[in-house]
Amino acid sequence: MIAQEIMIRQVYKVKESDTVRRVIEKFIEHGISGLPVVNDRNEIVGYVSDGDVMRYIGKHEDRYVDFFYASILIQGDNEQFEERARRLLDLNVMSIAKTKVVKAMWDDEVENIAAMLGKKQIKKVPVERDGVLVGIISRGNVVRHAFENLL
């Protein structure tokens, strides 16, 4: 079995010029937790997840860094949670998206994709063919197709 046989072909995605507001709207509207980010040629240029959002809006504690001869304080957030969340909405998606994206090719074996999803501890992997986004595969897709005839 190969990727194109189980991938979801209608992929929710955002453009690299979109704001995080658009990402959050799609998360809520479609009940999803991650989206590929594409350019005008539908090439994958990033991936944004709910984890990226959590890292931004979560409280950043003060940190002390000790060197051999000195210590410095890296100050955490002075903003309140709601202020950080509000500021995030107007940022460009690429300011929080991962640009090193784990991808699958349309003809990759599903067992290799399963290994990738497990090893890298990611929920979904975008699928590309000839350099453009053509689908997406989640852990759920792999489980359903692997076990549907065995149960």
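1. Val-143 is partly exposed, because its relative accessibility is 47%; here buried means under 20% relative accessible area, exposed means over 50%, and partly exposed lies in between (1.4 Å probe, protein chains only). The residue sits in helix α6, residues 139–147. Helices (H or I, at least four residues) and strands (E, at least two) are DSSP runs, numbered from the N terminus. Together with Phe-147, Leu-150 and Leu-151, Val-143 forms a nonpolar surface patch with about 490 Å² of accessible area. Patches take residues with over 30% relative accessible area and no salt bridge, joining like charges within 9 Å and nonpolar side chains (Val, Leu, Ile, Met, Phe, Trp, Tyr) within 5 Å. The areas come from the Shrake-Rupley method with a 1.4 Å probe, and for residues only the protein chains shown count as cover.

2. On the basis of these remarks: the model is predicted, local features need pLDDT of at least 70, side-chain atom pairs count only at pLDDT 80 or more, and totals for chains, interfaces and linings use all residues. Residues are numbered from 1 along each chain as its sequence is written, and side-chain values use heavy atoms, with hydrogens and water left out.

3. Helix α5 spans residues 110–119, and its buried residues are Val-110, Ile-113, Met-116 and Leu-117. They lie on the same side of α5, because they cover an arc of only 115° around the axis; the arc is that of the directions from the helix axis to the C-beta atoms. Exposed residues Glu-111 and Lys-119 are carried on the face turned away from the buried side. The buried residues pack against α1 (3–6), β6 (104–105), β7, β8 and α6, where contact means heavy atoms within 4.5 Å. After α5 comes Gln-121, with a positive phi near 55°.

4. Most residues other than glycine have a negative phi. Asn-42 has a positive phi, near 65°, and lies in the loop between β2 (34–38) and β3 (44–49). Asp-130 has a positive phi near 55° and belongs to the loop between β7 (124–129) and β8 (132–138). With a relative accessible area of 72%, Asp-130 is exposed.

5. Which residues does Asp-52 touch, not counting those up to four places away in sequence? They are Tyr-47, Ile-96, Ala-97 and Lys-98. Asp-52 lies in helix α3, residues 50–57, and is buried, at 4% relative accessibility. Its side chain reaches the backbone nitrogen of Ser-49 at 2.8 Å. A polar contact is a pair of N or O atoms within 3.5 Å; within protein, one must be able to donate a hydrogen and the other to accept it, and residues adjacent in sequence count only if both atoms are side-chain atoms. Asp-52 and Ser-95 are 43 residues apart in sequence, with their C-alpha atoms 9.9 Å apart in space.

6. The side chain of Asp-52 also forms a salt bridge with that of Arg-55 (2.7 Å, N to O), a salt bridge being a side-chain nitrogen of Lys or Arg within 4 Å of a carboxyl oxygen of Asp or Glu. About one helical turn separates the two, because they are 3 residues apart in α3.

7. Arg-21 and Asp-90 meet through their side chains in one of them, at 3.2 Å, N to O. This pair links distant parts of the chain, with Arg-21 in helix α2 (residues 20–30) and Asp-90, 69 residues away, in the loop between α4 (81–89) and β6. Arg-21 is partly exposed at 37% relative accessibility, whereas Asp-90 is exposed at 56%.

8. Arg-22 is partly exposed at 33% relative accessibility, and Glu-25 is partly exposed at 38%.

9. Ile-2 is in the segment before α1 and counts as buried at 18% relative accessibility. Leaving aside neighbours within four places in sequence, its contacts are Trp-106, Asp-107, Asp-108, Glu-109 and Val-110. Ile-2 and Lys-59 are 57 residues apart in sequence, and their C-alpha atoms are 42 Å apart in space.
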